Amino acid sequence: MDCRVVVEAAVPVYDVETPDEAVRIAISKTGEMLNPDLNYVEINMGERQCPHCGDELEPAFIAADESLVALELEMTVFNVERDEHAARIARKEIGQRLENIPLEVLQIEAIEETDDSDAEDPAETTDDGGNDAESDTGETGAESDSDDVLPEFDELMNE
């Protein structure tokens, strides 16, 4: 079973004046910590609500030019036995790169296997479209129908 896991992270940011600035810096800081090892993790602004009235709040809390920003980190975990297993893997993978940043699993969603076979078909169509673009650069039709590696090899042989 494959699962999509959403983890909330509380990222500290220093020397900021506005919530927008804090969010931008937090996303950048988190991206630097995750990349290149976890470049498949999606980083989004978190959603916060007032615990008393339920009103939506900014994802960044600022006090004395320091901020704590709520971010949602999304990743797909493959070949897990159950939801708890997926949550542990996501927390471990993300937590190893985000030292001293608290994490909480917000959502675990099982991904149906039939969607994977459907997703492959549009990718193949996109690859064919890429070959058409290559044929516009001067390649012949026979070369664009073959594998992507072969036209490059043929071009080298022709030179």
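View 1. Patches here are built from residues with over 30% relative accessible area and no salt bridge, with like charges joined within 9 Å and nonpolar side chains (Val, Leu, Ile, Met, Phe, Trp, Tyr) within 5 Å. Lys and Arg count as positive, Asp and Glu as negative, while His and the chain ends are left out of the count. Each charge is placed at NZ of Lys, CZ of Arg, CG of Asp or CD of Glu. A salt bridge needs a side-chain nitrogen of Lys or Arg within 4 Å of a carboxyl oxygen of Asp or Glu. Under those terms, Asp15, Glu17, Asp65 and Glu66 come together as a negative patch on the surface. Glu17 sits in the loop between strand E1 (2-14) and helix H1 (19-34); helices (H or I, at least four residues) and strands (E, at least two) are DSSP runs numbered from the N terminus. With 68% relative accessibility, Glu17 is exposed (buried is under 20% relative accessible area, exposed over 50%, partly exposed in between; 1.4 Å probe, protein chains only).

A word on the model: it is predicted, so local features need pLDDT of at least 70 and side-chain atom pairs count only at pLDDT 80 or more, whereas totals for chains, interfaces and linings use all residues. Residues are numbered from 1 along each chain as its sequence is written, and side-chain values use heavy atoms, leaving out hydrogens and water.

**View 2. The whole protein chain, for orientation.** There are 5 helices and 7 strands in the protein chain, running in the order β-α-β-β-β-β-β-α-β-α-α-α. Of its 159 residues, 28% are buried. Take the contacts (heavy atoms within 4.5 Å) with a separation of 6 or more: 70% of them are between residues 24 or more positions apart. The accessible surface is about 10700 Å², and carbon and sulfur atoms hold 46% of that (Shrake-Rupley method, 1.4 Å probe; for residues, only the protein chains shown count as cover).

View 3. Side chains of opposite charge can pair when their charged atoms come close. Arg4 counts as buried because its relative accessibility is 18%. Glu42 joins Arg4 and Glu74 in a network of salt bridges. The whole structure has 5 salt bridges.

View 4. Asp37 and Arg97 form a salt bridge, with their closest N and O atoms 3.8 Å apart. Asp37 belongs to the loop between H1 and strand E2 (42-45) and Arg97 to helix H2, so this bridge ties together parts 60 residues apart in sequence. Arg97 is partly exposed at 23% relative accessibility. Gln96 is also in helix H2 (residues 83-97), and its C-alpha atom lies 9.7 Å from that of Met33, 63 residues away along the chain.

**View 5. Two loop residues with positive phi.** Most residues other than glycine have a negative phi, and most peptide bonds are trans. Ala64 has phi near 55 degrees and sits in the loop between strand E5 (60-63) and E6. Asn100, not a glycine either, has phi of about 60 degrees and is found in the loop between H2 and strand E7 (103-111). Ala64 is exposed at 74% relative accessibility, and Asn100 is exposed at 78%.
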